[in-house]
Amino acid sequence: MLFKNISVIDENFNVLQNKNVIIKDQIIHFVGDEIPQEMDNYSGEIINGKNKLLMPGFFNLHCHVPMTLMRGYGENLSLNRWLHEKIFPFEEYLNAQHTYNGSMLGIAEMLSFGIVSFSDMYFFSDAVAKACIDSGIKANISRSIVCFDDSDVTDLQSFWEAKILYDEFNGCEDGRIKVEMSIHAEYTSTPKVVSGLADYAKKIGAGMHIHLSETESEHQDCIARHSLTPAGYMNQCGIFDVPTIAAHCVFVDEHDMDLLAEKNVSVSHCPVSNLKLGSGVAPVSKMLEKGINVAIGTDGVASNNNTNFFEELKLAPILQKGYFHDPLLVSTTQTLQMATRNGAKAQGRQESGVLKVGNRADLIMIDLDKPHLTPAHDIISNLIYSAVPSDIVMTIVDGKVLYKNNEYLTIDIEKVKYETKKSTDEILSRINSKI
Ligand code: NI
């Protein structure tokens with residue numbers, strides 16, 4: 001695939017104009033001024049890059065993709081009522097087929113928003129994995145573990161599901177799918193189970209995905225229970241001895257942040273979800289200052305209510321500026337790095353997240369010829385503060401075009417919408433018949 005005379009965001013996050021880019025197999029094969037001679041007899045696809053920008057795609061570092069089925073289901077409730085009156089009863093009737101349908105819908109949505117890879121935490125995760133395989137998107141998937149009794153981790157069915165998921169899917173599709181272990185959170189588990197899963201992850205070399213200090217009550221209750229903050233507790237249980245993605249980190253204190261930096265824990269910042277659930281504002285600028293690898297996530301659609309990454313991109317910096325009364329906090333380049341390079345690093349995908357020769361072609365193409373992207377004094381500023389999802393005209397994963405000009409190339413979107421409606425109708429009728 002040859003992109004001619006196109007603007008690119010290079011590995012140093014500078015915008016370069018009038019470049020030619022060649023994607024061969026899954027890889028970015030060439031970026032330069034002159035088209036190499038080897039292309040003289042090329043008869044494949046040529047994309048005219050006039051007024052277009054080719055850049056790394058977005059990495060959504062915290063998601064519960066099957067919850068796409070619960071978009072808008074239960075609004076303006078306290079977290080407790082929302083969970084107990086809406087989410088848990090709905091999840092009680094979920095099966096693998098519903099999960100697959102919800103995942104396909106969520107993946108379709110993500111591709112149209114320029115997301116090339118996501119980190120997921122849920123159950124029926126084999127159905128999530130199958131949806132990723134079928135659609136062509138990348139993902140780090142985990143089956144999250146909760147425990148409210150005295151069980152050992154190996155007593156839990158969820159542990160065996162996580163193990164089977166790992167054995168069956170980790171590294172499949174040429175590394176497109178990865179499997180991680182997951183402790184849902186401190187307040188939904190026990191030290192015995194958390195330590196047990198940390199030991200297992202260390203033994204098999206798996207990464208970890210957790211929720212951490214999302215709400216003030218979670219943070220304070222943990223201190224009351226264990227005399228440790230959630231970060232201190234997770235560290236003591238050995239979680240941070242493996243590469244970890246910690247979602248939210250809204251209430252982390254100075255000491256927690258030093259610990260996260262020291263242990264190379266990646267943070268997934270979820271600004272829309274944190275605001276919508278009334279959780280608060282994570283100290284992102286401080287975490288970046290301390291050298292923590294901060295990435296960006298949408299969280300589940302049930303608490304967002306979409307995976308529109310441009311909303312996260314705009315909120316991430318302006319929240320820091322507004323909340324801390326300092327317009328200099330978090331630059332547009334830092335924001336773009338969080339959404340791309342930092343996310344890829346957090347997923348253990350160093351071969352992605354940056355547009356450079358030799359990297360995987362996980363890219364998006366933006367149409368710059370829009371009133372709201374004109375004038376282009378600063379294209380990165382326009383991307384962070386002015387762009388909208390419809391500016392994305394192509395989403396490419398591992399060199400394969402999955403979404404182009406509003407069309408899905410691997411997903412029958414009408415069928416997915418139909419099947420999803422069937423799933424939600426079925427679940428709601430079962431909930432109503434129980435009532
Ligand atoms: Ni979450």
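I take helices (H or I, at least four residues) and strands (E, at least two) as DSSP runs, numbered from the N terminus. With that settled, I looked up Asn-20 and found it in strand S2, residues 15-24.

Before going further I noted what I am working with. This is a predicted model, in which local features need pLDDT of at least 70 and side-chain atom pairs count only at pLDDT 80 or more, while totals for chains, interfaces and linings use all residues. Residues are numbered from 1 along each chain as its sequence is written, and side-chain values use heavy atoms, with hydrogens and water left out.

I then listed what Asn-20 is in contact with (heavy atoms within 4.5 Å). Leaving aside neighbours within four places in sequence, Asn-20 is in contact with Phe-3, Lys-4, Asn-5, Phe-30, Val-31, Gly-32, Asp-33, Glu-34 and Ile-35. Phe-3 is 17 residues from Asn-20 along the chain, and their C-alpha atoms are separated by 5.6 Å.

The side chain of Asn-20 also reaches the backbone nitrogen of Asn-5, at 3.1 Å. I followed this to Asn-5, which has its place in strand S1, residues 2-9, and is partly exposed, with a relative accessible area of 43%. Its phi is near 50 degrees, a positive value in a residue other than glycine.

**Entry: backbone exceptions**

Most residues other than glycine have a negative phi, and most peptide bonds are trans. I therefore wrote down the places that depart from this rule. Asn-76 has a positive phi of about 55 degrees although it is not a glycine; it is in the loop between strand S6 (58-63) and helix H1 (79-92), and at 82% relative accessibility it counts as exposed.

Where are the cis peptide bonds that I looked up? One runs from Asn-304 to Asn-305, with omega near 15 degrees, and Asn-305 lies in the loop between strand S13 (294-296) and helix H11 (309-323). Another runs from Thr-374 to Pro-375, with omega near -5 degrees, and Pro-375 lies in the loop between S14 and H14.

**Entry: the two domains**

The domain assignment of the chain gives domain 1 (2-56 + 358-408) and domain 2 (58-346), with bounds that come from an automatic or database domain assignment. Their C-alpha centres lie 29 Å apart, and 26 residues of domain 1 are in contact with 29 residues of domain 2.

How much area is buried between domain 1 and domain 2? It is about 2,300 Å², of which carbon and sulfur atoms give 70%; buried area here is the accessible area (1.4 Å probe) that two parts lose on being put together, summed over both. In domain 1, Phe-13, Ile-384 and Tyr-385 lose the most area to domain 2, together 31% of what that side buries.

I next turned to salt bridges (a side-chain nitrogen of Lys or Arg within 4 Å of a carboxyl oxygen of Asp or Glu). The rule finds 3 of them across the interface of domain 1 and domain 2. Separately, I noted that Asp-174 forms a salt bridge with Arg-360, with the closest N and O atoms 3.6 Å apart.

Strand S5 (52-56), strand S14 (363-367), helix H14 (379-385), strand S15 (392-397) and strand S16 (400-404) each supply at least two residues of the side of domain 1 that touches domain 2. H14 gives the most to that side, with 5 residues.

**Entry: the nonpolar cores**

A nonpolar core is a set of buried Ala, Val, Leu, Ile, Met, Phe, Trp, Tyr and Cys residues joined through side-chain atoms within 4.5 Å. I found that the largest one has 103 residues, of which Phe-58, Phe-118, Leu-212, Phe-240 and Met-287 touch the most other members. This core draws at least three residues from each of domain 1 and domain 2. Apart from it lies another core, of 17 residues, among them Val-8, Ile-23, Ile-47 and Met-365.

Returning to Phe-240, and not counting residues up to four places away in sequence, I listed its touching residues as Ile-210, Leu-212, Ala-231, Met-234, Asn-235, Leu-259, Leu-260, Lys-263 and Val-265.

Note on methods: Buried means under 20% relative accessible area, exposed over 50%, partly exposed in between (1.4 Å probe, protein chains only). A polar contact is a pair of N or O atoms within 3.5 Å; within protein, one must be able to donate a hydrogen and the other to accept it, and residues adjacent in sequence count only if both atoms are side-chain atoms.
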